[in-house]
Amino acid sequence: MPDATILLAFITAAVILLIIPGPAVLYVITRSTEQGTKAGLVSVCGIQAGTLVHAAAASLGVSALLMASAMAFSLLKYLGAAYLVYLGVKKIADARKQSTRPEAPPPQPLSAIFWQGMIVNVLNPKCALFFFAFLPQFVRPENGNVALQVLFFGLLFTFLAFLTDGSYALAAGRLGKYMKQNAWYRRLEAYISGIIYISLGLLTVVFHPQTSKK
């Protein structure tokens with residue numbers, strides 16, 4: 001168990017990082033506005049399940065191996081980007097099909113939203129970089145088993161991320177309820193969501209971590 005000073009420093013730094021909107025937050029906001037608060041919270045659960053995968057990998061040393069290999073990191077980055085672009089293109093394609101039908105499209109199953117959120121964060125290179133470059137700064141070998149310390153901080157980060165992302169989901173879900181009353185937004189909702197997903201994918205491609213400086 002880390003001492004109080006290290007623990008407080010980690011929580012403060014993690015919360016500052018988490019409240020700054022990134023790909024995961026934008027994904028949650030998009031899900032919440034297009035399908036409501038419940039779908040947004042399910043997407044948060046999926047994203048944090050992906051975070052737990054990174055936490056387990058970091059405690060086993062897999063993250064260090066991944067970050068040490070430029071090829072492996074690039075593969076993770078491009079897979080994540082491709083998946084986000086796929087979601088965006090699919091959303092726009094579905095919207096074009098629905099434009100010729102009078103009935104509203106059926107809501108996406110919550111199980112699918114969960115797994116999509118998990119895949120998005122498992123393939124998120126920024127999450128891998130966090131566990132490689134940021135989290136180890138708070139690990140102290142003299143405090144005991146390093147792997148358990150990494151896992152502890154990973155679980156704590158996941159809990160904090162659930163709280164902050166969940167807050168975004170609640171706010172966006174409420175906002176989405178009002179936005180859906182706007183006829184203009186209802187017509188363009190699927191296109192807006194698709195463009196956001198594609199933009200997130202492109203953002204992932206241009207993301208270049210400076211690991212050599214860490």
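These notebook entries record what I looked up in the structure.

**Basis.** I worked from a predicted model, in which local features need pLDDT of at least 70, side-chain atom pairs count only at pLDDT 80 or more, and totals for chains, interfaces and linings use all residues. Residues are numbered from 1 along each chain as its sequence is written, and side-chain values use heavy atoms, with hydrogens and water left out.

**Helix H1.** I then listed Ile 6, Leu 7, Phe 10, Ala 14 and Leu 18 as buried in H1 (under 20% relative accessible area, with exposed over 50% and partly exposed in between; 1.4 Å probe, protein chains only). They cover an arc of only 95° around the axis, which puts them on the same side of H1; the arc is that of the directions from the helix axis to the C-beta atoms. On the face turned away from the buried side I noted Ala 4, Thr 5 and Leu 8 as exposed.

**Gly 50.** I located Gly 50 in helix H3, residues 37–59, and found it buried at 0% relative accessibility. Gly 50 and Val 120 lie 70 residues apart in sequence, yet their C-alpha atoms are 7.6 Å apart. Neighbours within four places aside, Gly 50 is in contact (heavy atoms within 4.5 Å) with Met 118, Asn 121 and Val 122.

Key: Helix = DSSP H or I, 4+ residues; strand = E, 2+ residues; numbered from the N terminus.
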